[in-house]
Amino acid sequence: MTELLAPAGNMEALVAAISNGCDAIYLGMQKFGARAYSSNFDLESLKEAVAYAHLRSVKIYVTMNTIVFENEIEEMKEQMQALNEIGVDGIIVQDLAAFDYMVKNFLDMEAHCSTQMGIDDLDGTLLFKELGAKRVVLSREVAIEKVKEIKKIAKIPLEIFVHGALCVSYSGNCLMSGLIGYRSGNRGRCVGSCRKAYELIDQTTGASLGKNFILSTKDLNTIDFIDDLKEIDSLKIEGRMKEPAYVANVVSKYRMALDHKVTEEDKDNLSKTFNRTFTKGYLFHEDQKDITNILRPNNVGYEIGRISKIVKDTYEITLSRPLNQNDIIRISHDNEDVILNVVKLYDKDDNLINKADAVCYIKVKEKLSKGDLVYVTKDYNYYKALESSLEKEFKRFNLDIKVYAYPDSKLIVDATGLGFNYSYESEELLGEAINNPATKEQVIKQFARLNDTIFELNQVEFHQGNAFIPAKLLNAARRDIVQGLYDLKLNSQKKRIKVDTAKEKIGFASKAPYLTASVTTLEQYDACVSSGIKEIYFENVIRRNQIEYEEKEGQLLIGGYGGIHHYKDTNPFITDYSLNVVNATSCYELYKLGAKRVTLSYELNKRQIEELIDAYYAENNGYPALEMIVYGRAPMMFTKYCPLKKMNLCGICKTKHFELKDEHGTFPILSHDDCTVTILNGKTLNLLDELQSIKGIEAFRLNFTVETKAEVATAINKALNQLNGSIDKAVFNQETDTRGHFNKEII
């Protein structure tokens, strides 16, 4: 059966989701969850949430899908142990250290691979199945046909996003928020850099092609494709930052679609809570041009009419859909929004009304124009209806009872519910009835009072011998039975742990550091060869989210888990920065898979690198083999979406270069042959003057992207001189020095 998986940023949203028919909930805690700005749960509130959900046969998955720094490893383990004790059903993880601890220590709590891991193919799915994953959450860029193919061959439960906000970047492969604002998306603190307005600049001419929200994606909506989706194990709704009414609205519509048949009105009602307009997403082959909404990055609402006449401060609205008193409307005027709460609504005779279907009038001080479009962003009556659904019981469970009532004996009730049996026995003895012996109807009347429980009375057997049963005794029995069955259900949760076994130690000898380079053009490659660099990553790069794999010879630089699985038995390899390695355990697990070196994440600072190396040495009696990028324009994001195509400039990347610009700087657009795009930092990461002080790194990498051959040669020369301790500081310090997180704390 397909699982409908709902988000919950707080207890109210959790109740709303369950009340409207979800099968499972995913939620986060105060640490290690990828939505740090939602309310989230602490251990006490999580216990309440798990109890509430499990009584209703709803599963709870906790997101611990951030990268985990070395000094957080023990806290991460303690949190997982606490979640296991509570009875959480699964944990969603990104970091390889978190995944490793999950699969090695818990028998019943499932390890789910988060979409931040970047798994989008059969190879990546098979790798984590082999490593012990119980579920893989595929990247949002995977098409439905490929999802089905992976499911058929891999035979492991798959989860996909079907509704809600989309990242323009491949998840887990966006550094924009972190490297610019020190609020890392991989730490759950994304500031939404993609929701800002950017100017598109032609670098060849310097001309501006306009300023808009060119990176802001529409919201995903796949309810039209529900028959295809029923073949997938879990359908995930995005929205841990959303209000309970939003959760109720979306969950109820997808529940209806899965179980029955969704109407056009149901589909239309999805736009009555927060939306940025909708897209069917890459899942169902949306054209790249239609994946974003460049006009606005926030709630659009739904269109209901336009300003048709103006008399002083009174505005006539000709309606295409009803408008109600207390609705909140948005009027689009001169590319700006006027937001109004419709406290007073008038008819043509200036009478106050509470609803209009064709024409209405509002009186406002704001200056509007004839033709301005009017949208409802909050439908008051619809929200009231949603709110009434927030705490209802979506389904109730049968309670069967057998009642034994005999004079001079205790009242005995054998109850069955939630798959458990519970026996109630009264303290006092029953008396013999003088006039009105207890009847089955009286028993049913008292036991049917279950509205404040999850039960409904089903089968009732009544065995009696002219006994009198006080109503208050039947009520006490009912309450005791309900609580007894609740306790049996909740105490049945498994909390088994595995016995940790000793691991093989993998250590490397310390080596004198040397330079490597990654390049994007042949002339950059030639400059590296001429400068004497022995290891150059060019045609031997297998990036994260590779579309397909070709047979390769020699050593590879691999950026994704699918590539590791595909090539680990045929090619020596080094792992790239895009695996987001920030701790010793992740290094160790990659060495076990065959990595010769591990490239550290851009998100580590100097102290954290030292902590990683010290921890690795302490655990393995040897050093880790590490690579570190010390020069070049950092990749802000890697995306399947092309901003140039959005602006009807498809193909022009072969002859011209473009960049995005905001108030802080510029971001070059690097287009790839397969029409994917890397957006680069406009400033150059330059740690060359730090090389002598960075200990424990085997290879320092220079990352060349848009540099000329001469610029490549100059940078290599400076790096070699610095590595040898002979650089001319006065010349070197003239160059831009943007350090990323290296000397910063990442939040």
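Modeller: In this predicted model, H12 and H13 pack at an angle of about 50°, with their axes 9 Å apart. Axes are lines fitted to C-alpha atoms, for helices over the stretch in contact, and angles run from 0 to 180 degrees between N-to-C directions.

Biologist: What is the orientation of H12 and H13 called?

Modeller: H12 and H13 are therefore oblique to each other. Angles under 35 degrees count as roughly parallel, over 145 as roughly antiparallel, 65 to 115 as roughly perpendicular and the rest as oblique.

Biologist: Which residues make the contact?

Modeller: Gln442, Val443, Gln446 and Phe447 of H12 meet Ala471, Leu474, Asn475, Ala477, Arg478 and Ile481 of H13; contact means heavy atoms within 4.5 Å. By class, the contact of H12 with H13 has six nonpolar, three polar and one charged residues. Ala, Val, Leu, Ile, Met, Phe, Trp, Tyr, Cys and Pro count as nonpolar, Asp, Glu, Lys and Arg as charged, and the others, Gly among them, as polar.

Biologist: Which residues of H13 are buried?

Modeller: Among them are Leu474, Asn475, Ala477, Arg478 and Ile481. Buried means under 20% relative accessible area, exposed over 50%, partly exposed in between (1.4 Å probe, protein chains only). The cover over the buried residues of H13 includes helix H2 (43-55), strand S23 (397-405) and helix H12 (440-447). Helices (H or I, at least four residues) and strands (E, at least two) are DSSP runs, numbered from the N terminus.

Biologist: What about H9: how many of its residues are buried?

Modeller: In H9, 14 of the 16 residues are buried, so this helix is largely enclosed by the rest of the structure. H9 covers residues 244-259 and reaches 22 Å from its first C-alpha to its last.

Biologist: Moving on, at what angle do H3 and H4 pack?

Modeller: Helix H3 (residues 73-86) and helix H4 (residues 96-105) pack at about 40°, with their axes 11 Å apart. That makes H3 oblique to H4. Ile73, Met76, Lys77, Met80 and Gln81 of H3 touch Ala97, Ala98, Tyr101 and Met102 of H4.

Biologist: And for the whole chain, how many helices and strands are there?

Modeller: The chain has 20 helices and 41 strands. Of its 747 residues, 56% count as buried.

Biologist: How are residues numbered, and what pLDDT is required?

Modeller: Residues are numbered from 1 along each chain as its sequence is written. Local features need pLDDT of at least 70, side-chain atom pairs count only at pLDDT 80 or more, totals for chains, interfaces and linings use all residues, and side-chain values use heavy atoms, with hydrogens and water left out.

Definitions and conventions: The expected span of a helix is 1.5 Å times one less than its number of residues.
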